[in-house]
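Here is a colleague's note, written as numbered points, for a student who is reading a structure of this kind for the first time. Please keep the model open beside the text and look up each place as it is named.

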Amino acid sequence: MTNQEASMTNQDAFDKMVAHLRKQGQKAQENGTCRYRTKSGLMCAVGCLLTDEDYRPGMEGMGVEPLLGVFDALPGLNEGLLAEMQDVHDSFDPSHWEEHFASTAATYGLVYVPPATPIQPATAA
């Protein structure tokens with residue numbers, strides 16, 4: 001665990017997850033299944049918080065609770081916040097993420113800053 005992780009607040013984690021998902025603009029999936037990290041380098045909301053030292057392939061397919069308990073990753077962060085952001089990534093099209101970011105921030109008393117340009121729905125190639 002790095003000092004940066006130890007001092008990360010829920011607001012810091014939320015900001016990092018939102019910024020990451022906005023930049024990535026797509027779900028981290030392989031074969032239709034959401035993953036913390038894909039082989040091509042995509043990461044889900046929670047996956048972007050895991051350092052290379054903390055990430056283990058055995059985490060894939062697990063919810064947030066085992067990450068905090070079994071793997072002792074992401075100390076001090078609110079499990080509900082992480083689970084909700086994981087659900088936003090896994091359950092909604094990226095074009096709907098912003099409304100869920102806003103509601104998640106309101107639920108956990110965090111500051112949500114709308115993007116300059118919203119995420120657009122993916123188009124078929």
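This is a predicted model: local features need pLDDT of at least 70, side-chain atom pairs count only at pLDDT 80 or more; totals for chains, interfaces and linings use all residues.

**Notes on the model**

1. L74 is found in the loop between α3 and α4, the latter covering residues 79-91. Is L74 buried or exposed? With a relative accessibility of 5%, L74 counts as buried, because the cut-off for that word is under 20%.

2. Of its 125 residues, 38% count as buried. The accessible surface comes to about 6900 Å², and carbon and sulfur atoms account for 51% of that area. Among the contacts with a separation of 6 or more, 55% are made by residues 24 or more positions apart.

3. N31 is placed in the loop between β1 (29-30) and β2, and this residue, too, has a positive phi of about 55° without being a glycine. What is the relative accessibility of N31, and how does the residue count? The value is 83%, so N31 counts as exposed, given that the cut-off for exposed is over 50%.

4. R37 belongs to the loop between β2 (33-34) and α3 (64-69). Although arginine is counted among the charged residues, R37 is buried here, with a relative accessible area of 16%. Which side chain does R37 meet in a polar contact? The partner is the side chain of D52, at 2.8 Å. If the neighbours within four places in sequence are left aside, R37 is in contact with L42, M43, G47, L50, T51, D52, Y55 and E60.

5. T51, which is one of the residues in contact with R37, lies in the loop between β2 and α3. T51 is buried as well, with a relative accessible area of 19%. From T51 to A73 there are 22 residues in sequence, while the C-alpha atoms of the two are 9.0 Å apart in space.

6. The packing of helices comes next; two packed helices are described by the angle between their axes and the distance between the axes. Helix α2 (residues 10-24) packs with helix α5 (residues 97-107) at an angle of about 180°, and their axes are 12 Å apart. That angle makes α2 roughly antiparallel to α5. On the α2 side the contact is made by F14, V18, L21 and R22, and on the α5 side by W97, E98, F101, T104 and A105. These residues divide into 6 nonpolar, 1 polar and 2 charged.

7. How are α2 and α4 oriented, roughly parallel or roughly antiparallel? Their packing angle is about 10°, with the axes 11 Å apart, and the two helices are therefore roughly parallel to each other. From α2 the contact takes in N10, F14, M17, V18 and L21, and from α4 it takes in L81, L82, M85 and H89. Here the residues divide into 7 nonpolar, 2 polar and no charged.

Conventions:
Residues are numbered from 1 along each chain as its sequence is written. Side-chain values use heavy atoms; hydrogens and water are left out. Helices (H or I, at least four residues) and strands (E, at least two) are DSSP runs, numbered from the N terminus. Buried means under 20% relative accessible area, exposed over 50%, partly exposed in between (1.4 Å probe, protein chains only). A polar contact is a pair of N or O atoms within 3.5 Å; within protein, one must be able to donate a hydrogen and the other to accept it, and residues adjacent in sequence count only if both atoms are side-chain atoms. Contact means heavy atoms within 4.5 Å. Accessible areas come from the Shrake-Rupley method with a 1.4 Å probe; for residues, only the protein chains shown count as cover. Axes are lines fitted to C-alpha atoms, for helices over the stretch in contact, and angles run from 0 to 180 degrees between N-to-C directions. Angles under 35 degrees count as roughly parallel, over 145 as roughly antiparallel, 65 to 115 as roughly perpendicular and the rest as oblique.
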